[in-house]
Each structure stands twice: as C-alpha cells, then as structure tokens.
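Student: I have a structure open and want to learn to read it. Can you take me through its features one by one?

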Amino acid sequence: MSVPLLLTLLAGGATFIGAFLGILGQKPSPRALAFALGFAAGIMLLISLMEMLPAALSAEGMSSLLGYGMFIVGLLGYFALDRLLPHQHPQDLMSGKSPRNLRRTAMLLTLGISLHNFPEGIATFVTASSDLELGLGIALAVAIHNIPEGLAVAGPMYAATGSKKKALFWAGLSGMAEIAGGIFAFLLLGPWLSPMIMGAVMAAVAGIMVALSVDELMPLARDIAPDVNPSYGVLSGMTVMGLSLTLLESAGMGG
C-alpha cells in the first residue's frame, strides 16, 4: 500500500476516536474543542496558501491563469455543494432537540461531514503523492478536526437511539468518505498524475480547504465556545505548522 493512501486511511480513521468519545460521554471541554478546530484551520490555511498553491503554480506546464482558476473553482465548488446538498452543520446540534429530531439531524450531519471529507481524502492523497512532508501536515490537520466531527455525529445519534453500534456506524460512515476520496484518487488519478494535472488538482483542493477552514471550522469553533477567540487556535496552528515545515526543510526533508 502506498504511503499517501495509508496517510488518508489514518486521517479518516481519526473520526472513530471522536465517535468513541461520543458514546463514552467523555466530551472534551468546549474550550479545548474550539482550540483544536481553530488549530486545524490554521494548519490548513497555511499549507493551502503558503505551500500547496505556490507548488501548484510552479508545476511544469502550469500557467498562472489555470492555477488561480482552479483555486477559484475549488472555492466556488465547495460553496456550491455546501448550499445545494441538504445537510446540517455540527453547530446546528448546539440547540436542544428532541430525540426524534436529533436522529434526523445526526443523519443529515453525517451527509454534510461526508461531503467535506471526500475532497479532504483526495487532498491528503494528492498532496502526499507530490510532497510527503506536506501530505503529513494535511493528514495531521484532517485527523485533528475529524475527532470533533466523529464526536458531533456519534453523540447525538447515541442520545437519539440509545445504540452505541448505530452511533459508531454513522460516525464511521463520515470517516469512510475520506478514505473513499483517497481510494478514488489512487485508482482514477494515479495513472494520469502528470505534473500539470497534479498541480491543477492541488490548486483546486487548496481552494476547497481554504473555504472549509473559513466557512466551517472557524465558525464552528466560535459556536462551540463563544467566549474563546478561535484566532488563538488558528494562529497557533499556523505557527506550529510553519515551524515544523522549516525544521523539516532544514533537516533536508523538505519538498
């Protein structure tokens, strides 16, 4: 099995950590959850704008018009799917709901999270195929925010049905979408991954990840803990990722 595919599997599998927390009832504090979401957003923003997009623009045969165009396609594509498909966000669960409504909400939330996870799976695989160091960073960011996503699905589903198996199943389903994205990229994109196609996909994925960070992770961090500024997590994520990239590069492992 290729290392990029393995990283995608591990990142998607992190959803189960959150799912187990959800059925055990050992929820992390809202402050810790908000910081983790901001931290993941910071990692994603830094990698997308400072690493993936420049790497895409400098790919062999890539024009600036195509590179930035694919970035915009990723941004707009994320928002188009987000608006067109019926789903709910984790923050929609913050209000109290009856068990009957809670089950429906958790199922819609699974659809919404799966929608976000599929391109993340592609992102992890494509990025790691091009640059293993960046792929590790993407996998880390994805794994961090998959934990609260698994928690967001499993907790309400367990509360609604009383079944730990159902809670784990629905939370696992959202994580499987991530793995499916990686397998999709491995099977379909693998044979045709020329530098230009890789660059175009990376630019589009960078757009998706910027939109995900700004539209989903940061607002969710604010909703979970209104008294905590999500910028602290974002800036910490950027700082840690920037320092780790610098250290890897100075050690001769940089891409």
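Tutor: Start at the surface. Keep in mind that this is a predicted model.

Student: Which residues form a nonpolar patch on the surface?

Tutor: Such a patch joins nonpolar side chains that have over 30% relative accessible area. Here the members are Phe118, Ile183, Phe184, Phe186, Leu187 and Leu188. Together they have about 510 Å² of accessible area.

Student: Which helix gives the most to the patch?

Tutor: Helix α6, residues 164-189. It contributes 5 residues. Leu188 sits in this helix.

Student: Now a residue in helix α4. Is Thr124 buried or exposed?

Tutor: Thr124 is found in α4, residues 99-130. Its relative accessibility is 0%, so Thr124 counts as buried. Look also at Pro4. Pro4 and Thr124 are 120 residues apart along the chain, yet their C-alpha atoms are separated by 7.0 Å.

Student: Next, helix pairs. At what angle do α1 and α5 cross?

Tutor: Angles under 35 degrees count as roughly parallel. Helix α1 covers residues 3-24 and helix α5 residues 132-161. Their axes cross at roughly 25° and come within 6 Å. The two helices are therefore roughly parallel to each other. Their crossing is right-handed.

Student: And how do α2 and α5 pack?

Tutor: Over 145 degrees, a pair counts as roughly antiparallel. The axes of α2 and α5 are 9 Å apart, at an angle of about 150°. So α2 is roughly antiparallel to α5. This crossing is left-handed.

Student: On to charges. How many salt bridges does the structure hold?

Tutor: Look for a side-chain nitrogen of Lys or Arg within 4 Å of a carboxyl oxygen of Asp or Glu. The structure holds 1 salt bridge. Asp227 forms it with Arg31. The closest N and O atoms are 3.1 Å apart.

Student: Which parts does the pair tie together?

Tutor: Arg31 lies in helix α2, residues 30-57, and Asp227 in the loop between α7 (195-224) and α8 (230-250), so the pair ties together parts that are 196 residues apart in sequence.

Student: Are Asp227 and Arg31 buried or exposed?

Tutor: Both residues are exposed.

Note on methods
Residues are numbered from 1 along each chain as its sequence is written. This is a predicted model: local features need pLDDT of at least 70, side-chain atom pairs count only at pLDDT 80 or more; totals for chains, interfaces and linings use all residues. Side-chain values use heavy atoms; hydrogens and water are left out. Patches are made of residues with over 30% relative accessible area and no salt bridge: like charges are joined within 9 Å, nonpolar side chains (Val, Leu, Ile, Met, Phe, Trp, Tyr) within 5 Å. Accessible areas come from the Shrake-Rupley method with a 1.4 Å probe; for residues, only the protein chains shown count as cover. Helices (H or I, at least four residues) and strands (E, at least two) are DSSP runs, numbered from the N terminus. Axes are lines fitted to C-alpha atoms, for helices over the stretch in contact, and angles run from 0 to 180 degrees between N-to-C directions. Angles under 35 degrees count as roughly parallel, over 145 as roughly antiparallel, 65 to 115 as roughly perpendicular and the rest as oblique. A crossing is left-handed if the near helix is turned anticlockwise from the far one by less than a right angle, and right-handed if clockwise. Buried means under 20% relative accessible area, exposed over 50%, partly exposed in between (1.4 Å probe, protein chains only).
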